[in-house]
Structures are given as C-alpha cells and as structure tokens.
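Reader: Could you take me through this structure? I would like to begin with its overall build and then turn to the ligand.

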Amino acid sequence: MSTHDHDPDHDPEDPLSRERAHLSESRAALRAMREDVENLDIKDVTANWVNAAVLQRQIDDRIKALADLSHTPLFFGRLDYLHAPGAELAEGAEGERFYIGRRHVHDAEGDPMVIDWRAPVSQPFYRASKKDPQDIGLRRRFGYTGGDLTAYEDEHLTDPAEAATTSKLLQAEIERPRVGPMRDIVATIQPEQDEIVRSGLGGSVCVQGGPGTGKTAVGLHRVAYLLYAHRERLARTGTLVIGPNASFLHYIEQVLPALGELEVKQATVDDLVAHVEVKGADDAPAAIVKGDARMAEVLRRAVRSHVTIPTEPLVVVRGSRRWRVPAYELEEIVRELQERDIRYGAARDALPQRIAHTVLVRMEQAGEAPDDRVQDAVARNTAVKAAVKAIWPPVDPAKLVLRLLSDPDFLAEHAEDVLTPDEQKTILWAKPARSVKSAKWSAADAVLIDEANDLVARTHSLGHVVIDEAQDLSPMQYRAVGRRCSTGSATVLGDLAQGTTPWATASWDEALRHLGKADAVVEELTAGFRVPREVIAYASRLLPSISPGLAPVESVRETPGSLDVRLSTDLDADVIAACRESLEHEGSIGLIAADARIPALAEALMAAGLPFLAPGEETTTESRLTLVPASLAKGLEYDYVVLDEPAAVVDGEPDERTGLRRLYVALTRAVSGLTVLHAAKLPDQLT
Ligand SMILES: Nc1ncnc2c1ncn2[C@@H]1O[C@H](COP(=O)(O)OP(=O)(O)OP(=O)(O)O)[C@@H](O)[C@H]1O
C-alpha cells in the first residue's frame, strides 16, 4: 500500500489533481440533480391539494437528501475492476472504474459519477483482500482535510510484490478527536462489520461485542443498507431503532440522516409500551418477577378466564318467529374459538357472526332463504349482543393488570403452578390501586400491560427492528420488542459483560427465544475501535468477575500514555484539576462518576467556573465537558474521560457483580485518554 499526500503544484497529470477534478465534476453533477428536483413543477402533475402536499413533502425530502454537505466527502473510495462487472450490480454502472460515496450521483447523460456504498458493485471496497481480490486491480482510499481532497492511498490487490500494511487513513479516522454526536463510519467499515451490515433482510442477526467494537455503528449502517436493498418493502412496513435512553438516542440520531435515511423511527423500550403514565418504581425483586417470561402465561390465563361457557340457550326473536340456539351448540362455538390461534379480541369480534350463522342454519332448515344481510342483522340483535357480552366480555388490558397486582385471589388463581406464593407476594402492591389513572405504574407494569394488550389485539409488526444495548432487557421486554417485528426481522446488539439490570441477559440463545427469533445468527465482533489498548487491558481485568466466558477486546488503537490512575487526598480538587488538564486537549471530555456523586461534583465544577453539559446535550468546540452519571454512560464516548472514585461506582449498585459491570462500562468510554482518580481503595479486581 502506498499513501500520497497533496502536492501543492497543480499538475493536471498528477493523480491527485485528476481525482480532485472528478470531485468537482461530481459536485456539479449533484448540484444539477438537486436543481432538477427544485425546478419540478407539481402543478402539472396534480391539481388535488392533498396529493400536492404529499408530493411536495417527498420533493423536499429528496432535496434534503441531495444536499452536498461540505464536511462530508462526496466519495471516499475508488475501485478499479479488472473486468467490467456488469450493469446489474449498480444503477447504470458501466466500465471498470467506480467512485464509492454516500449516495449515487450521475451526470446529465445518466452515467454514474459516484456509486452508493450500498450497491453490490461497492462491496469489494469493504471486503476484497489480497487473499480474495474479488476482481479488483486497485482499491484507492481518499483522505480529506476540511472539505478538500488531500490524500489517497492505493492497494494493488493482485500485485504479489506489494506488502499488506494497515491503512493510515483508517488509523487517522479511528484516532480523530470526537466532538458532537456520533458519526457514520461508511468510509471505513471493516470486513467483519460489513458482513453483518449486508446480511439479508430475511434473517435476524445478534451481535455480541465488547465496548467500542462498533455494534451501534454496524446496527445503524445495517438499517441504511436494508433500506437501500429493500426500499419499497421497508417503506411500507417501517423500521425502528431501539436504544436504552433518550440521551443515547440523541447521540446516535444524526447517523442515519447523514446516510440519506430520514424515515427511521427511534424509541426506547419504555416509549414502545407507554400505555400508562409511569409514576412508580419497583424494587429489584418485584421487577425481576414482573420481567420474567412466566408472567406471559399468567396474563394469558387471566385474559382467557374472562370467557364464560354458556349454560343457557339463546333465543332470537325476528318478526313473529323465535329461533333457539341450545346451550351445547353455543358451547361448541366458544370452544372452537378458544382453540383457534387468534387474539381474544378477534375471537370476540367473530362470536356474534358465528352465533348468527347457527341461527341462519336453523332458518334454512325451516324453509327460509335468508341472505348475508339477515346474518348481519342477527349478529346485531340485542339478544345476541347480550349473550356475547356475557360469554366473551371486553377486556381492558390495564384494568386486568391492575387487578392482578391488587387482588391476591385473582393473582393466585392465574399464577397457580406458574409463580410461587412468595413470588406472588413480591409483585402484589402493598396498597391496591383504585383506578388505572391513579395507580403508581412502574416501567415493568407498562410492559405487562403491553403483553395483555397483545393478547387482546395483535401488535402491529414492522419490517425491521434494531435493538441496541439489548443485554439490559428483561424477558418480558424482549417479548414486547419481538411483537414489533413478529413478521419482520431484527438486529440485536449487545455485550453480556455490560449488563447492569438485575435481569440482564445471561445467554443470547435464551434472549433470542424470548424475542421470537431463535433462528437468529449470533456473530461476535472482537476488534475495538474506541478504547486505547492500555485502557481496555485495564478494564478487562474485570472480565473474569463479570462475564467469565468473554474474551477481551483487541484494540486497534495504540495510544501510549493513555491511562493514568491516581491516588488522591483531595478528590474534588483533583477531579477539577484533571478536567482542566483534559480540556487542554482537543475533543470532548466526560467526567464520569457514581450517580450519588453527581450533585457534589456539579457544585465543585460550578465553584471552579467550569461550565458543563448533561449527557445528551451536544458537545461543541466551545462546550466540551459533560458530567455523566455512571448510570447514563452506556453507549456514549468521550475523547478524554476522568473517572471519579471507582469504588463509589461499584457501591452504587445493589450487588458487586452489577457494580463491577457498571465500572467496566465507565472505564471503556475513552477514545484518547482515561484518568482514574480515587481516594478510597480501588476494587480488588482492578489491582
Ligand atoms: N470501522 C470503523 N471505522 C472507524 N470507526 C469505527 C469503526 N467501527 C467503529 N468505529 C468507531 O468506534 C466507536 C465505537 O463504536 P460503537 O459505539 O458503535 O461501539 P459499540 O460496540 O456500540 O460500543 P459500546 O459497547 O460501548 O456501546 C465509534 O466512535 C465508532 O464510530
């Protein structure tokens, strides 16, 4: 591989000059594409204002997607094929040379200037190697400074004499200082990441990977890829990215728009199940039982218990005639509906028609010739309606859960042999709630209501769902997410070692069963792109205690002197000093501390005149310091991290293993440097 930097003398024969010329031509072509859309006159197409509004929105989105962002290079790579790969591999692609970028750009004749990174013809940019050149003679990577193309790097994959080296441009991209929200990695997706990104829409994928292995990045790029490869289907069915909390979602929200995808929804699991206002919290034992998959069976039984097998005949009066359906026939109808695999509500909707059908059969036997309208009229008959209400009454999911948590006998009846008497006691409210409105619902209760909801009426399924930090979901939460992709597929991202809930995932196989995706492929990512080698080695000392089976992350970053562990006699003052030191470097700074330490540290920072942000607030070049409670650090990263009192982070959790896992998360947020300050003794597992 050879790297070439910008030659200031403009030589038209110089490859860099030629590449820059292609860049300006491509930008001009993109501008022309945008102008074409801007000049569209929709008055000619439709006079209907509703259609016009819809069309205008589509046009506005398209204009947005065609924007030429000065800080994102239009192309970042070039592939020279040995043989023309054929037009079926890329929109209108012909010839052997392709520039790879974030989006497709074509010239006035429709010939491609830049090929979308997701097109099949672009794939060798990420996957080809000396071992498997995939018909690529030259792979060129471009380096940019500001918006300018200033360097390129060549690999001649079929040249046996050329030594394989690591890419300097990749190294520079990984080591660049972080400011602001998460960015896309489209120019430097690694082969093992690309395999996950491009895996098909039909199958679900689960990615286990240590801190900084790119799980979040891979999940987001997979959505972008799937939207490209299955645009129409996913536009119809929808896509969703699920993250642990609002600040995390805020951190990642710009990645997909930067890749031209504006339609992907984002939510936390709590958002998905927000049927009631969450005003209360469970203690851990109650939350564990409520999150246990056995609760699904309790709810199923409780919902079904509303059906009463009829013992009285039904009499329908029409005109001068009375039609009698005996109890045993009603019972047959009810039993048949119970045995079918349909929701409680759907069966309830079907029941009046079934009864009416039986009445119609009677009419026909008596020589009448009733039609469909008669059947509908019978189904709406007051006697039939009353019977349906008695046999199959409506169920309000929230009221049902309220009763289960308030009424010991009702719970015992449906939890028999499913929950132990002690477990039942654990989840019963000390003070029964009066109404759905006044109840102090917890987050776990809302998930139970969601399950009950689905027993009554099927939850709408999307085409693809990505779940990040999945290791923290309870079995009941996995079920709630699984319902939302029951007819689609899922990408499950997580790290067993970072599970910090009392119900944290212990095995992916089990989690995937709860999700309803037992056939998902589990992939492992082991190369770390965030945390410097020395820091990850330090954090990995905790692995034997927190997740014995897992191998430590192999960092691709070598930043010597990136770890500094200091004993302090005046913690607050030393923390402030360490923040000031970190602020001398470029990039973002995170001060991470046990949640209980946050108020004291906030005060110390204010007293020292150091302005700071809360997680989720965007760091800028002016405001670069964020004060991060350990409980919100997951998934985030900062250039420099100052970690306050590890022992307090561990002690902030109900048990030691969870505490050490929380510490592991806090220790693995740094991109360039980590300073650990402690006045108390460090946890034994670290030393
Ligand atoms: N191929 C890549 N090229 C450049 N940067 C990368 C690559 N893969 C990942 N990164 C960067 O590494 C950092 C960590 O990635 P990401 O947040 O996706 O990791 P993660 O596995 O989700 O971490 P965590 O377990 O801590 O949540 C991000 O800044 C991301 O942009």
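Author: The answers below move from the whole chain to single residues.

Reader: What kind of model is this, and how are residues numbered?

Author: This is a predicted model, in which local features need pLDDT of at least 70, side-chain atom pairs count only at pLDDT 80 or more, and totals for chains, interfaces and linings use all residues. Residues are numbered from 1 along each chain as its sequence is written.

Reader: How many helices and strands does the chain have?

Author: The chain has 28 helices and 22 strands; helices (H or I, at least four residues) and strands (E, at least two) are DSSP runs, numbered from the N terminus. Its C-alpha trace spans about 105 × 70 × 45 Å along the principal axes.

Reader: And what share of it is buried?

Author: Of the 687 residues, 42% count as buried. Here, buried means 20 or more other C-beta atoms within 10 Å of the residue's own, exposed means 12 or fewer, and partly exposed lies in between, with C-beta atoms placed from the backbone.

Reader: Which domains is the chain divided into?

Author: There are domain 1 (2-165), domain 2 (195-276 + 469-528), domain 3 (314-391) and domain 4 (557-686), with bounds from an automatic or database domain assignment. The centres of domain 1 and domain 4, taken over C-alpha atoms, are 41 Å apart.

Reader: Turning to the ligand, which residues come nearest?

Author: Thr188, Gly214, Lys215, Thr216 and Phe529 come nearest, out of 22 residues around the ligand. A residue counts as near if its C-beta atom, placed from the backbone, lies within 6 Å of the molecule.

Reader: Where does the shell come from?

Author: Helix 6 gives the largest share, 3 residues. Helix 4 (168-175) and helix 6 (215-229) each supply at least two residues. In terms of domains, domain 2 and domain 4 each contribute at least three.

Reader: How does the shell divide by residue type?

Author: It holds 6 nonpolar, 11 polar and 5 charged residues. Ala, Val, Leu, Ile, Met, Phe, Trp, Tyr, Cys and Pro count as nonpolar, Asp, Glu, Lys and Arg as charged, and the others, Gly among them, as polar.

Reader: What does UniProt place at "binding site"?

Author: The unreviewed entry lists Gly209, Gly210, Pro211, Gly212, Thr213, Gly214, Lys215 and Thr216 under that feature. UniProt positions are given in the numbering used here, feature names are shortened, and annotations may be inferred rather than shown by experiment.

Reader: Is Lys215 buried or exposed?

Author: Lys215 is buried, because 26 other C-beta atoms lie within 10 Å. Lys215 is part of helix 6. Leaving aside neighbours within four places in sequence, Lys215 is in contact with Val207, Gly209, Leu493 and Leu525; contact means C-beta atoms, placed from the backbone, within 7 Å.

Reader: And where is Thr213?

Author: Thr213 sits in the loop between strand 8 (205-209) and helix 6. Thr213 counts as buried because it has 28 C-beta neighbours inside 10 Å.

Reader: A change of topic: which residues of helix 12 are buried?

Author: In helix 12 (residues 294-304), Met295, Val298, Leu299, Ala302 and Val303 are buried. They cover an arc of only 130 degrees around the axis, which puts them on the same side of helix 12; the arc is that of the directions from the helix axis to the C-beta atoms.

Reader: What covers them?

Author: The cover includes helix 11 (284-291), helix 14 (344-365), helix 17 (397-406), helix 18 (408-415), helix 20 (443-456) and helix 21 (475-483).

Technical notes
Two residues are in contact if their C-beta atoms, placed from the backbone, lie within 7 Å.
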